[in-house]
Amino acid sequence: MPSTSNATAHVKCANNSSPNRCFAPPAESRAGRRGTAGLPARSAGKDEPETPSVGVRIVEHDAMAQGLQVPFEHELVIVRPGPRSGYRFIIAIHSSRAAQPPGRAAGGCRLARYVDPLDGLYDALRLSQGMSRKAAIAGTRTGGAKCVIAAPADESLWPLTGERRKDVLRDLAELVDELDGRYLTGPDVGTTAADMQWVYRLTPYAAGFAGGGTTDGTAVGVHACISTAAEHVFGRRDLAGLRVTIVGLGGVGERLARHLVHAGAELTVTDIDLERQALATEIGAQWIDADGAQRHDCDILAPCALGATLTAEEVRGMTCRLVVGAANNQLASDDVADVLTEQGITWVPDFVANAGGLLYAVSIARDHLSEPDSLAVVRRLGDTAGEVLRRAERERTSTLQSAIRIADQRLDLAD
Ligand code: PHE
């Protein structure tokens, strides 16, 4: 499913969105952009077509000047204000090709404050494409989708709690339920397993809360990919003595850190939330400043914060030989994959490395596997990572292209 982008735009995360962790490059100038993020959605009522005919209108933005790629090949994109919260809800269904049950696309729900709601839309467009690739390569038989709930930048009641949070989740549940199974939501940056459990009381189309949520599944998947990739790059699966830098100590970053300390890695960690330094002390990891952390001298870099932190310039300044992490959409644009190859840095594509959360959630919710069996399924991601790396070498291409080819092949087989 190579991106045939007919729209490009700058993507960044809400960089004032604490407690969400963000290591994105600074926002580029948005001057000269005018426009509106979308048209209000019509809900699919009884006499209306099953698929809400809702489009997205982007009026004049400086996308081309920004030069970053945003895919725009989606099956369905909905943008509408939540009736209770007033926040903008964006659901992007990228592809439901090969989904089982048919037509169902899965993807987490991101809740963040955005300076410009269009950035929320771009996040949804890009992240949902990542979910399609992730589902195909992980073999979950779900399509790819994402929900972004864009709160205004000046929202002072942050982080959301109590009734205000419930109102947001009610808005989410209502919209998801109207889609009648086309979209399966789950936890993502800014939302929790507990949130999804609450949403599940209002709509059956929520997952990722059973079995302790998706955090462990994601961390176990990243760890499996690190081991396989270490064998490929350093000739050994044993991580003892290898220097690993984890950027971002959210739920997944923390689990991964604990796994890696246990495996004997020499760990350096950082987070924009300085309170996380306590965790570093607890597990005996070295703490460094978040600024420049990706360029810290190490063997393996694990980006576990928000996406788009790997720019061409950043990669040229990195000393590690391997990049494997939990963050979604790590590359600022797809061509950074070639820069990584040029620099001799092996990158396990994010949508392979972090597919464990989705795989774990689907294994439990849809396939009714036990928690240990689901984790065993997740560990097989290591084999997939190995296949991606070997194919890239064989075909003299980037690991991104290699992973996309494998994902496409799996989709074709499933068609
Ligand atoms: N948020 C998870 C991810 O980015 C996906 C997920 C979707 C998890 C649905 C559970 C349920 O991979």
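Which hand does the crossing of α5 past α6 have? I looked, and α5 passes α6 in a right-handed crossing (right-handed if the near helix is turned clockwise from the far one by less than a right angle, left-handed if anticlockwise).

**Ground rules.** I'm working on a predicted model, where local features need pLDDT of at least 70, side-chain atom pairs count only at pLDDT 80 or more, and totals for chains, interfaces and linings use all residues. I count residues from 1 along each chain as its sequence is written. Helices (H or I, at least four residues) and strands (E, at least two) are DSSP runs, numbered from the N terminus.

**α5 and α6.** I took α5 and helix α6 (residues 251-262) and found that their axes come within 8 Å and cross at roughly 50 degrees. Axes here are lines fitted to C-alpha atoms, for helices over the stretch in contact, with angles from 0 to 180 degrees between N-to-C directions. That angle makes α5 oblique to α6 (under 35 degrees is roughly parallel, over 145 roughly antiparallel, 65 to 115 roughly perpendicular, the rest oblique). On the α5 side I noted Thr215, Asp216, Thr218, Ala219, Val222 and His223, which meet Gly251, Val252, Arg255, Leu256 and His259 of α6; contact means C-beta atoms, placed from the backbone, within 7 Å. By class, I get four nonpolar, five polar and two charged residues there. Ala, Val, Leu, Ile, Met, Phe, Trp, Tyr, Cys and Pro count as nonpolar, Asp, Glu, Lys and Arg as charged, and the others, Gly among them, as polar.

**α5 and α11.** Next I checked helix α5 (residues 215-234) against α11: the axes come within 7 Å and cross at roughly 130 degrees. So α5 is oblique to α11. This crossing is right-handed. I listed Gly217, Thr218, Val220, Gly221 and Val222 from α5, and Gly356, Gly357, Leu359, Tyr360 and Ala361 from α11. The contact has five nonpolar, five polar and no charged residues.

**Ligand shell.** Which residues come nearest to the ligand? Of the 15 around it, I wrote down Gly108, Gly186, Asp188, Gly208 and Ala361 (near means a C-beta atom, placed from the backbone, within 6 Å). β5 (105-114), β7 (183-187) and α11 (356-365) each give two or more residues to the shell. I count six nonpolar, eight polar and one charged in it.

**Sheet.** I traced six strands in an open, parallel sheet, ordered β10-β9-β8-β11-β12-β13; strands pair if DSSP finds at least two bridges between them. β10 (286-287) and β13 (346-347) are the edges with a single partner strand each, so one side of each lacks a neighbour in the sheet. Two bridges join β9 (residues 266-270) to β10, and I found Thr268 bridged to Gln286 in β10.

Notes. Two residues are in contact if their C-beta atoms, placed from the backbone, lie within 7 Å.
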